[in-house]
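Here are my notes for a colleague who is new to this model. Please read the points in order, with the structure open beside them.

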Amino acid sequence: MRIGIMAIQGDVSEHVDAVERALCERGIGGEVLEIRHEGIVPRCDAVILPGGESTTLGRLIEREGIAGEIQNAAKDGIPVLGTCAGLILVATRGDEQVHKTHQHLLGLMDVKVNRNAFGRQRESFEVDLDLPFLDSPYTAIFIRAPAIMDAGPEVDVLSTINGRIVAARQKNVLALAFHPELTPDLRLHHYFLDMISVT
Amino acid sequence: MELENLRHGTELIKRGFARMQKGGVIMDVTNPEQARIAEEAGAVAVMALQAVPADIRKAGGVARMADPEIVAQIIDTVTIPVMAKARIGHFVEAEILESLGADMVDESEVLTPADEMYHIDKTGFTVPFVCGARNLGEALRRINEGAAMIRTKGEAGTGDVREAVRHMKKIMGEVRELSGKDKEELIKVARDIEAPIELVLESADLQRLPVVNFAAGGVATPADAALMMRLGADGVFVGSGIFKAENPEMMAKAVVEAVNNYDNPEKLAEISRGIGSGMKGMSADTIPPEEALQTRGW
(Lines give C-alpha, C1' and ligand atoms only; values in the text may rest on other atoms or scores of the structure.)
Protein backbone atom coordinates (compact mmCIF):
# COMPACT_ATOMS: atom_id res chain seq x y z
CA MET A 1 0.00 0.00 0.00
CA ARG A 2 1.42 3.37 -1.02
CA ILE A 3 0.17 6.56 0.58
CA GLY A 4 1.24 9.75 -1.17
CA ILE A 5 1.44 12.97 0.80
CA MET A 6 1.69 16.22 -1.09
CA ALA A 7 4.93 17.61 0.27
CA ILE A 8 5.21 20.97 -1.41
CA GLN A 9 4.57 23.04 1.67
CA GLY A 10 2.83 22.79 5.04
CA ASP A 11 2.77 20.28 7.88
CA VAL A 12 3.93 17.32 5.81
CA SER A 13 6.11 15.49 8.34
CA GLU A 14 3.19 15.42 10.83
CA HIS A 15 1.03 13.62 8.26
CA VAL A 16 3.88 11.26 7.38
CA ASP A 17 4.29 10.38 11.08
CA ALA A 18 0.56 9.91 11.59
CA VAL A 19 0.19 7.63 8.55
CA GLU A 20 3.25 5.60 9.51
CA ARG A 21 1.93 5.15 13.04
CA ALA A 22 -1.52 4.21 11.76
CA LEU A 23 -0.05 1.64 9.33
CA CYS A 24 2.03 0.24 12.17
CA GLU A 25 -1.06 -0.07 14.42
CA ARG A 26 -2.87 -1.93 11.66
CA GLY A 27 0.08 -4.25 11.33
CA ILE A 28 0.22 -3.84 7.57
CA GLY A 29 3.16 -2.90 5.46
CA GLY A 30 2.97 0.35 3.62
CA GLU A 31 5.08 3.00 2.09
CA VAL A 32 4.64 6.74 2.51
CA LEU A 33 5.70 8.75 -0.53
CA GLU A 34 6.29 12.49 -0.50
CA ILE A 35 4.82 14.16 -3.56
CA ARG A 36 6.92 17.12 -4.59
CA HIS A 37 7.04 16.65 -8.35
CA GLU A 38 5.02 15.02 -11.09
CA GLY A 39 5.21 11.28 -11.63
CA ILE A 40 4.58 10.17 -8.05
CA VAL A 41 0.78 10.46 -7.76
CA PRO A 42 0.08 7.73 -10.38
CA ARG A 43 1.97 5.25 -8.16
CA CYS A 44 -0.16 5.94 -5.06
CA ASP A 45 -3.13 4.02 -3.59
CA ALA A 46 -4.25 7.10 -1.66
CA VAL A 47 -3.31 10.76 -1.62
CA ILE A 48 -3.27 13.24 1.26
CA LEU A 49 -3.31 17.01 0.75
CA PRO A 50 -1.99 18.45 4.03
CA GLY A 51 -2.50 21.80 5.70
CA GLY A 52 -0.44 24.78 4.66
CA GLU A 53 -1.18 27.97 2.83
CA SER A 54 -3.80 27.17 0.22
CA THR A 55 -2.90 30.11 -2.02
CA THR A 56 0.73 28.96 -2.11
CA LEU A 57 -0.12 25.26 -2.46
CA GLY A 58 -2.58 25.90 -5.28
CA ARG A 59 -0.02 27.87 -7.25
CA LEU A 60 2.77 25.36 -6.72
CA ILE A 61 0.85 22.16 -7.55
CA GLU A 62 -0.09 23.83 -10.80
CA ARG A 63 3.51 24.92 -11.50
CA GLU A 64 4.88 21.47 -10.66
CA GLY A 65 2.29 19.63 -12.79
CA ILE A 66 0.80 17.69 -9.88
CA ALA A 67 -2.73 19.14 -10.09
CA GLY A 68 -3.84 17.16 -13.16
CA GLU A 69 -2.39 13.94 -11.78
CA ILE A 70 -4.42 14.26 -8.58
CA GLN A 71 -7.57 14.97 -10.59
CA ASN A 72 -7.01 11.83 -12.68
CA ALA A 73 -6.30 9.70 -9.61
CA ALA A 74 -9.49 10.91 -7.89
CA LYS A 75 -11.49 10.15 -11.02
CA ASP A 76 -10.12 6.60 -10.91
CA GLY A 77 -11.47 6.22 -7.36
CA ILE A 78 -8.19 6.67 -5.46
CA PRO A 79 -9.06 7.97 -1.96
CA VAL A 80 -8.08 11.60 -1.42
CA LEU A 81 -7.94 13.31 1.98
CA GLY A 82 -7.78 17.10 2.15
CA THR A 83 -7.14 18.73 5.53
CA CYS A 84 -7.54 22.49 6.05
CA ALA A 85 -5.82 23.99 2.98
CA GLY A 86 -6.36 20.58 1.39
CA LEU A 87 -10.12 20.99 1.90
CA ILE A 88 -9.99 24.19 -0.13
CA LEU A 89 -8.05 22.48 -2.91
CA VAL A 90 -10.56 19.62 -3.32
CA ALA A 91 -13.54 21.99 -3.64
CA THR A 92 -15.29 22.91 -6.88
CA ARG A 93 -16.13 26.47 -5.84
CA GLY A 94 -14.67 29.16 -3.61
CA ASP A 95 -15.71 32.40 -1.98
CA GLU A 96 -14.59 35.88 -2.99
CA GLN A 97 -11.22 35.52 -1.17
CA VAL A 98 -10.49 32.35 -3.09
CA HIS A 99 -11.27 34.06 -6.41
CA LYS A 100 -9.30 37.18 -5.50
CA THR A 101 -6.07 35.19 -5.39
CA HIS A 102 -6.86 33.22 -8.57
CA GLN A 103 -6.68 30.11 -6.40
CA HIS A 104 -6.44 26.90 -8.38
CA LEU A 105 -9.09 24.40 -7.20
CA LEU A 106 -8.99 20.71 -8.08
CA GLY A 107 -12.79 20.39 -8.12
CA LEU A 108 -13.00 16.90 -6.60
CA MET A 109 -15.92 17.59 -4.25
CA ASP A 110 -19.13 19.44 -5.07
CA VAL A 111 -18.85 22.10 -2.37
CA LYS A 112 -18.35 25.84 -2.02
CA VAL A 113 -15.64 26.82 0.48
CA ASN A 114 -15.04 29.93 2.54
CA ARG A 115 -11.27 30.38 2.84
CA ASN A 116 -10.97 31.73 6.39
CA ALA A 117 -14.47 30.95 7.62
CA PHE A 118 -13.58 31.34 11.29
CA GLY A 119 -11.33 34.38 11.03
CA ARG A 120 -7.63 35.03 11.47
CA GLN A 121 -5.07 33.24 13.66
CA ARG A 122 -6.32 34.83 16.92
CA GLU A 123 -9.71 33.19 16.23
CA SER A 124 -8.13 29.75 15.64
CA PHE A 125 -9.43 27.15 18.09
CA GLU A 126 -9.57 23.64 19.51
CA VAL A 127 -12.90 21.93 20.02
CA ASP A 128 -14.28 18.48 20.85
CA LEU A 129 -16.10 17.44 17.71
CA ASP A 130 -18.69 14.71 17.22
CA LEU A 131 -18.28 12.58 14.10
CA PRO A 132 -20.86 9.93 13.13
CA PHE A 133 -18.32 7.12 12.70
CA LEU A 134 -16.55 7.69 16.05
CA ASP A 135 -17.97 6.62 19.42
CA SER A 136 -16.48 9.55 21.36
CA PRO A 137 -15.66 13.19 20.48
CA TYR A 138 -12.51 14.02 18.56
CA THR A 139 -10.27 16.94 19.62
CA ALA A 140 -10.05 18.96 16.44
CA ILE A 141 -7.51 21.73 15.83
CA PHE A 142 -8.72 24.55 13.56
CA ILE A 143 -6.03 26.96 12.33
CA ARG A 144 -7.22 29.89 10.18
CA ALA A 145 -9.59 27.19 9.06
CA PRO A 146 -11.84 27.10 6.03
CA ALA A 147 -15.39 25.71 6.06
CA ILE A 148 -17.84 24.40 3.51
CA MET A 149 -20.71 26.83 3.06
CA ASP A 150 -22.71 24.89 0.56
CA ALA A 151 -22.62 21.21 -0.41
CA GLY A 152 -24.12 19.41 -3.41
CA PRO A 153 -26.48 16.38 -3.15
CA GLU A 154 -23.64 13.84 -3.57
CA VAL A 155 -21.85 15.10 -0.46
CA ASP A 156 -22.23 13.47 2.99
CA VAL A 157 -21.98 16.11 5.69
CA LEU A 158 -20.12 14.58 8.64
CA SER A 159 -19.88 17.46 11.09
CA THR A 160 -20.79 21.13 11.46
CA ILE A 161 -19.96 24.05 13.75
CA ASN A 162 -22.65 26.74 13.86
CA GLY A 163 -24.03 25.73 10.51
CA ARG A 164 -20.61 25.64 8.85
CA ILE A 165 -19.59 22.23 7.50
CA VAL A 166 -16.18 21.15 8.82
CA ALA A 167 -16.06 17.51 7.73
CA ALA A 168 -17.56 15.98 4.58
CA ARG A 169 -17.20 13.05 2.25
CA GLN A 170 -18.11 12.52 -1.36
CA LYS A 171 -17.40 8.92 -2.34
CA ASN A 172 -13.59 8.57 -2.34
CA VAL A 173 -12.87 12.16 -1.29
CA LEU A 174 -12.73 13.14 2.39
CA ALA A 175 -12.40 16.78 3.41
CA LEU A 176 -11.63 18.04 6.94
CA ALA A 177 -11.38 21.71 7.91
CA PHE A 178 -9.14 20.80 10.85
CA HIS A 179 -5.81 19.02 11.46
CA PRO A 180 -6.00 15.35 12.52
CA GLU A 181 -2.21 15.17 12.09
CA LEU A 182 -1.52 17.60 14.96
CA THR A 183 -2.93 15.39 17.72
CA PRO A 184 -1.89 11.85 18.72
CA ASP A 185 -5.45 10.55 18.08
CA LEU A 186 -5.20 8.48 14.88
CA ARG A 187 -8.87 7.62 14.46
CA LEU A 188 -9.36 9.85 11.43
CA HIS A 189 -6.28 8.52 9.69
CA HIS A 190 -7.64 5.00 10.30
CA TYR A 191 -11.01 6.05 8.86
CA PHE A 192 -9.21 7.29 5.76
CA LEU A 193 -7.08 4.14 5.43
CA ASP A 194 -10.30 2.11 5.65
CA MET A 195 -11.47 3.92 2.52
CA ILE A 196 -8.62 2.38 0.53
CA SER A 197 -9.86 -1.16 0.88
CA VAL A 198 -13.53 -0.39 0.32
CA THR A 199 -13.22 1.84 -2.75
CA MET B 1 -21.75 22.82 18.46
CA GLU B 2 -21.65 26.08 20.44
CA LEU B 3 -19.03 28.75 19.82
CA GLU B 4 -18.32 29.13 23.56
CA ASN B 5 -16.88 25.60 23.61
CA LEU B 6 -14.02 26.72 21.39
CA ARG B 7 -10.61 26.99 23.04
CA HIS B 8 -8.38 29.76 21.62
CA GLY B 9 -4.65 30.49 21.84
CA THR B 10 -3.56 27.06 23.14
CA GLU B 11 0.04 25.99 22.65
CA LEU B 12 -1.07 23.39 20.10
CA ILE B 13 -2.80 26.09 18.05
CA LYS B 14 0.10 28.53 18.27
CA ARG B 15 2.73 25.93 17.38
CA GLY B 16 0.37 24.44 14.81
CA PHE B 17 0.16 27.76 12.98
CA ALA B 18 3.95 27.80 12.65
CA ARG B 19 3.88 24.23 11.31
CA MET B 20 1.63 25.32 8.46
CA GLN B 21 4.40 27.67 7.27
CA LYS B 22 6.93 24.84 6.81
CA GLY B 23 8.56 24.54 3.43
CA GLY B 24 7.58 28.11 2.70
CA VAL B 25 9.09 31.54 2.24
CA ILE B 26 8.05 34.49 4.40
CA MET B 27 8.87 37.88 2.88
CA ASP B 28 9.43 41.28 4.47
CA VAL B 29 7.09 43.90 3.03
CA THR B 30 6.61 47.57 3.83
CA ASN B 31 3.39 48.35 1.94
CA PRO B 32 0.33 46.65 0.40
CA GLU B 33 1.83 46.67 -3.11
CA GLN B 34 4.86 44.67 -1.97
CA ALA B 35 2.56 42.32 -0.05
CA ARG B 36 0.63 41.64 -3.25
CA ILE B 37 3.86 40.87 -5.13
CA ALA B 38 4.91 38.46 -2.36
CA GLU B 39 1.56 36.67 -2.38
CA GLU B 40 1.59 36.44 -6.17
CA ALA B 41 5.07 34.89 -6.04
CA GLY B 42 3.88 32.16 -3.67
CA ALA B 43 5.05 33.43 -0.26
CA VAL B 44 3.35 31.57 2.62
CA ALA B 45 3.15 34.75 4.70
CA VAL B 46 4.38 38.31 4.72
CA MET B 47 6.18 40.19 7.50
CA ALA B 48 5.01 43.79 7.83
CA LEU B 49 7.60 46.33 8.93
CA GLN B 50 8.33 50.02 8.57
CA ALA B 51 11.49 49.60 6.50
CA VAL B 52 13.46 46.56 5.35
CA PRO B 53 16.51 45.84 7.54
CA ALA B 54 18.98 47.20 4.93
CA ASP B 55 17.20 50.57 5.10
CA ILE B 56 16.94 50.43 8.89
CA ARG B 57 20.73 50.06 9.00
CA LYS B 58 21.23 52.97 6.64
CA ALA B 59 18.72 55.26 8.36
CA GLY B 60 19.92 54.71 11.93
CA GLY B 61 17.76 56.18 14.71
CA VAL B 62 15.14 54.16 16.60
CA ALA B 63 13.40 51.38 14.68
CA ARG B 64 9.88 50.66 15.95
CA MET B 65 6.80 48.59 15.08
CA ALA B 66 5.32 49.48 11.67
CA ASP B 67 2.59 52.12 11.38
CA PRO B 68 -0.68 50.33 12.35
CA GLU B 69 -2.33 51.95 9.32
CA ILE B 70 0.11 50.16 7.00
CA VAL B 71 -0.26 46.87 8.88
CA ALA B 72 -4.06 47.12 8.58
CA GLN B 73 -3.81 47.89 4.86
CA ILE B 74 -1.55 44.89 4.30
CA ILE B 75 -3.98 42.67 6.24
CA ASP B 76 -6.81 43.87 4.00
CA THR B 77 -4.78 43.31 0.83
CA VAL B 78 -3.63 39.69 1.05
CA THR B 79 -5.25 36.38 1.98
CA ILE B 80 -2.04 34.77 3.28
CA PRO B 81 -1.08 35.33 6.95
CA VAL B 82 0.39 38.67 7.93
CA MET B 83 3.12 38.78 10.56
CA ALA B 84 4.56 41.96 12.06
CA LYS B 85 7.60 42.91 14.09
CA ALA B 86 7.54 44.28 17.64
CA ARG B 87 10.56 45.49 19.62
CA ILE B 88 12.17 43.07 22.07
CA GLY B 89 10.35 43.47 25.40
CA HIS B 90 7.74 45.86 23.99
CA PHE B 91 4.62 43.94 24.98
CA VAL B 92 2.36 46.87 24.18
CA GLU B 93 3.49 46.94 20.54
CA ALA B 94 2.75 43.19 20.52
CA GLU B 95 -0.72 43.78 21.98
CA ILE B 96 -1.43 46.43 19.36
CA LEU B 97 -0.36 44.09 16.55
CA GLU B 98 -2.50 41.32 18.04
CA SER B 99 -5.53 43.61 18.18
CA LEU B 100 -4.98 44.61 14.54
CA GLY B 101 -5.28 40.94 13.61
CA ALA B 102 -1.63 40.15 12.87
CA ASP B 103 -1.34 36.36 12.64
CA MET B 104 2.10 36.17 14.26
CA VAL B 105 4.34 38.65 16.07
CA ASP B 106 8.10 38.66 15.51
CA GLU B 107 9.81 39.89 18.68
CA SER B 108 12.72 41.09 16.63
CA GLU B 109 16.30 42.22 17.16
CA VAL B 110 16.02 44.11 13.87
CA LEU B 111 14.07 46.78 15.76
CA THR B 112 15.60 48.78 18.60
CA PRO B 113 15.09 46.79 21.84
CA ALA B 114 12.64 48.35 24.32
CA ASP B 115 13.88 46.30 27.27
CA GLU B 116 17.50 45.41 27.97
CA MET B 117 16.67 42.77 30.57
CA TYR B 118 13.53 40.90 29.58
CA HIS B 119 11.87 39.51 26.50
CA ILE B 120 8.07 39.58 26.28
CA ASP B 121 6.19 36.95 28.30
CA LYS B 122 4.60 35.41 25.25
CA THR B 123 2.57 32.75 27.04
CA GLY B 124 -0.24 35.18 27.87
CA PHE B 125 -0.92 36.11 24.25
CA THR B 126 -3.42 34.50 21.91
CA VAL B 127 -1.27 35.44 18.90
CA PRO B 128 1.77 33.18 18.36
CA PHE B 129 5.32 34.61 18.40
CA VAL B 130 8.48 33.96 16.43
CA CYS B 131 11.85 34.91 17.92
CA GLY B 132 15.44 34.97 16.70
CA ALA B 133 18.19 32.74 18.12
CA ARG B 134 21.90 32.13 17.54
CA ASN B 135 22.26 28.92 19.51
CA LEU B 136 20.29 26.20 21.27
CA GLY B 137 20.22 27.91 24.67
CA GLU B 138 18.81 31.11 23.22
CA ALA B 139 16.22 29.17 21.18
CA LEU B 140 15.03 27.17 24.20
CA ARG B 141 14.83 30.29 26.40
CA ARG B 142 12.56 31.91 23.82
CA ILE B 143 10.43 28.76 23.57
CA ASN B 144 10.18 28.71 27.36
CA GLU B 145 8.85 32.28 27.22
CA GLY B 146 6.17 31.07 24.81
CA ALA B 147 7.68 31.44 21.32
CA ALA B 148 5.86 29.11 18.88
CA MET B 149 8.53 29.40 16.22
CA ILE B 150 12.27 30.10 16.09
CA ARG B 151 14.34 31.64 13.32
CA THR B 152 18.07 32.11 13.13
CA LYS B 153 19.10 35.70 13.68
CA GLY B 154 21.76 35.79 11.01
CA GLU B 155 22.78 39.36 10.38
CA ALA B 156 19.74 41.12 8.95
CA GLY B 157 20.01 43.67 6.17
CA THR B 158 23.44 42.56 4.96
CA GLY B 159 22.52 40.16 2.16
CA ASP B 160 25.43 38.10 3.53
CA VAL B 161 24.24 34.61 4.45
CA ARG B 162 27.25 33.61 6.56
CA GLU B 163 25.76 34.50 9.96
CA ALA B 164 22.52 32.63 9.21
CA VAL B 165 24.66 29.62 8.25
CA ARG B 166 26.67 29.96 11.46
CA HIS B 167 23.53 30.10 13.62
CA MET B 168 21.74 27.24 11.85
CA LYS B 169 24.80 24.98 12.04
CA LYS B 170 25.29 25.89 15.68
CA ILE B 171 21.69 25.02 16.64
CA MET B 172 21.65 21.81 14.57
CA GLY B 173 25.04 20.76 15.95
CA GLU B 174 24.05 21.41 19.53
CA VAL B 175 20.89 19.32 19.09
CA ARG B 176 22.94 16.48 17.57
CA GLU B 177 25.31 16.59 20.53
CA LEU B 178 22.39 15.89 22.88
CA SER B 179 21.92 12.38 21.52
CA GLY B 180 23.73 9.70 23.40
CA LYS B 181 23.83 11.75 26.59
CA ASP B 182 22.17 10.37 29.72
CA LYS B 183 19.87 12.40 31.92
CA GLU B 184 22.59 13.62 34.28
CA GLU B 185 24.61 14.87 31.35
CA LEU B 186 21.59 16.59 29.86
CA ILE B 187 20.95 18.34 33.17
CA LYS B 188 24.51 19.63 32.98
CA VAL B 189 23.94 20.80 29.39
CA ALA B 190 20.77 22.62 30.48
CA ARG B 191 22.75 24.44 33.16
CA ASP B 192 25.60 25.29 30.77
CA ILE B 193 23.39 26.68 28.02
CA GLU B 194 21.01 28.33 30.50
CA ALA B 195 17.93 26.55 29.20
CA PRO B 196 15.10 24.74 31.02
CA ILE B 197 15.84 21.06 31.49
CA GLU B 198 12.38 19.98 30.21
CA LEU B 199 13.06 21.61 26.85
CA VAL B 200 16.57 20.16 26.66
CA LEU B 201 15.13 16.68 27.31
CA GLU B 202 12.41 17.26 24.71
CA SER B 203 14.94 18.40 22.10
CA ALA B 204 17.15 15.39 22.83
CA ASP B 205 14.16 13.09 22.46
CA LEU B 206 12.86 14.69 19.24
CA GLN B 207 16.36 15.25 17.84
CA ARG B 208 15.23 18.71 16.80
CA LEU B 209 13.84 21.91 18.33
CA PRO B 210 10.34 21.42 19.77
CA VAL B 211 9.02 24.14 17.45
CA VAL B 212 9.45 25.03 13.78
CA ASN B 213 12.86 26.52 12.99
CA PHE B 214 13.29 28.88 10.02
CA ALA B 215 16.38 30.54 8.58
CA ALA B 216 16.64 34.32 8.52
CA GLY B 217 19.12 37.16 8.39
CA GLY B 218 21.07 37.63 5.17
CA VAL B 219 19.28 35.30 2.73
CA ALA B 220 19.50 37.13 -0.63
CA THR B 221 19.34 34.64 -3.52
CA PRO B 222 17.59 31.39 -4.51
CA ALA B 223 20.87 29.58 -3.82
CA ASP B 224 21.05 31.09 -0.31
CA ALA B 225 17.51 29.92 0.42
CA ALA B 226 18.29 26.40 -0.87
CA LEU B 227 21.48 26.34 1.20
CA MET B 228 19.56 27.08 4.39
CA MET B 229 17.05 24.32 3.56
CA ARG B 230 19.94 21.90 3.01
CA LEU B 231 21.26 22.82 6.44
CA GLY B 232 17.94 21.72 7.95
CA ALA B 233 15.83 24.88 8.07
CA ASP B 234 12.06 24.26 8.02
CA GLY B 235 11.60 27.32 5.80
CA VAL B 236 13.08 30.71 5.05
CA PHE B 237 12.49 34.36 5.88
CA VAL B 238 13.74 36.79 3.26
CA GLY B 239 14.05 40.38 4.39
CA SER B 240 15.80 42.93 2.23
CA GLY B 241 16.70 40.24 -0.31
CA ILE B 242 13.47 40.56 -2.31
CA PHE B 243 12.71 44.25 -2.53
CA LYS B 244 16.37 45.35 -2.70
CA ALA B 245 16.93 43.03 -5.66
CA GLU B 246 17.05 44.37 -9.21
CA ASN B 247 13.76 42.67 -10.09
CA PRO B 248 11.70 41.91 -6.94
CA GLU B 249 8.93 39.99 -8.76
CA MET B 250 11.36 37.58 -10.40
CA MET B 251 13.51 37.24 -7.29
CA ALA B 252 10.47 36.52 -5.11
CA LYS B 253 9.21 33.79 -7.42
CA ALA B 254 12.68 32.28 -7.81
CA VAL B 255 13.28 32.09 -4.04
CA VAL B 256 9.94 30.30 -3.55
CA GLU B 257 10.77 27.79 -6.28
CA ALA B 258 14.26 27.31 -4.88
CA VAL B 259 12.84 26.33 -1.49
CA ASN B 260 10.62 23.77 -3.19
CA ASN B 261 13.55 22.38 -5.21
CA TYR B 262 16.37 22.89 -2.73
CA ASP B 263 17.94 19.48 -3.35
CA ASN B 264 17.91 19.64 -7.16
CA PRO B 265 20.93 21.55 -8.56
CA GLU B 266 19.74 21.39 -12.20
CA LYS B 267 16.40 22.88 -11.25
CA LEU B 268 18.14 25.49 -9.06
CA ALA B 269 20.36 26.49 -11.98
CA GLU B 270 17.31 26.98 -14.13
CA ILE B 271 15.48 28.91 -11.40
CA SER B 272 18.47 31.20 -10.78
CA ARG B 273 19.01 32.19 -14.43
CA GLY B 274 18.02 35.57 -15.81
CA ILE B 275 16.37 36.91 -12.67
CA GLY B 276 18.53 40.03 -12.39
CA SER B 277 21.07 40.71 -9.69
CA GLY B 278 20.49 40.21 -5.99
CA MET B 279 20.74 43.01 -3.45
CA LYS B 280 24.17 44.63 -3.30
CA GLY B 281 24.59 43.95 0.39
CA MET B 282 27.60 44.27 2.63
CA SER B 283 29.99 41.72 4.02
CA ALA B 284 28.90 40.84 7.56
CA ASP B 285 32.49 41.02 8.86
CA THR B 286 32.75 44.71 7.99
CA ILE B 287 30.04 45.57 10.53
CA PRO B 288 31.45 47.01 13.75
CA PRO B 289 30.31 44.92 16.78
CA GLU B 290 28.25 47.78 18.19
CA GLU B 291 26.20 47.91 14.96
CA ALA B 292 25.51 44.17 14.79
CA LEU B 293 21.83 43.35 15.20
CA GLN B 294 22.33 39.73 16.25
CA THR B 295 23.74 40.63 19.67
CA ARG B 296 20.45 42.25 20.68
CA GLY B 297 18.46 39.90 22.92
CA TRP B 298 20.08 37.14 24.97
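1. Start with A:V113. This residue counts as buried because its relative accessibility is 0%. Buried means under 20% relative accessible area, exposed over 50%, and partly exposed in between (1.4 Å probe, protein chains only). A:V113 sits in strand β6 of chain A, residues 109-114. Helices (H or I, at least four residues) and strands (E, at least two) are DSSP runs, numbered from the N terminus.

2. A word on conventions. This is a predicted model, in which local features need pLDDT of at least 70 and side-chain atom pairs count only at pLDDT 80 or more, while totals for chains, interfaces and linings use all residues. Residues are numbered from 1 along each chain as its sequence is written, chains are lettered from A and ligands numbered from 1 in the order in which they are written, and side-chain values use heavy atoms, with hydrogens and water left out.

3. Which residues does A:V113 touch, leaving aside those up to four places away in sequence? Among them are A:L87, A:I88, A:A91, A:V98 and A:M149. Contact here means heavy atoms within 4.5 Å. A:Q97 is 16 residues from A:V113 in sequence, and their C-alpha atoms are 9.9 Å apart.

4. Now chain B. It has 13 helices and nine strands. Of its 298 residues, 60% count as buried. A compact globule of 298 residues would have a radius of gyration near 19 Å, so the 18 Å of chain B agrees. That radius is taken over C-alpha atoms, and the globule rule is 2.2 Å times the number of residues to the power 0.38. Among contacts in chain B with a separation of 6 or more, 67% join residues 24 or more positions apart.

5. Next, the cavities. The structure holds four of 30 Å³ or more. A cavity is a set of points on a 1 Å grid over the protein atoms alone where a 1.4 Å probe fits but cannot get out; lining residues have an atom within 4 Å of a point. Grid points are joined across faces, edges and corners, and a volume is the space filled by probe spheres set on the points.

6. The largest cavity holds about 180 Å³. Its lining has 23 residues, and those closest to its centre include B:D28, B:A156 and B:G239. In chain B, β9 (236-238) and α11 (240-243) each supply at least two lining residues.

7. The second largest cavity has a volume of about 110 Å³. Of its 14 lining residues, A:G52, A:E53, A:C84, A:I143 and A:R144 are the closest to its centre. Two elements give two or more residues to this lining: α4 (85-90) of chain A and α1 (11-20) of chain B.

Note on methods: On a 1 Å grid over the protein atoms alone, a cavity is a set of points where a 1.4 Å probe fits but cannot get out, and a pocket is an open set with protein on both sides within 12 Å along at least five of seven lines; lining residues have an atom within 4 Å of a point.
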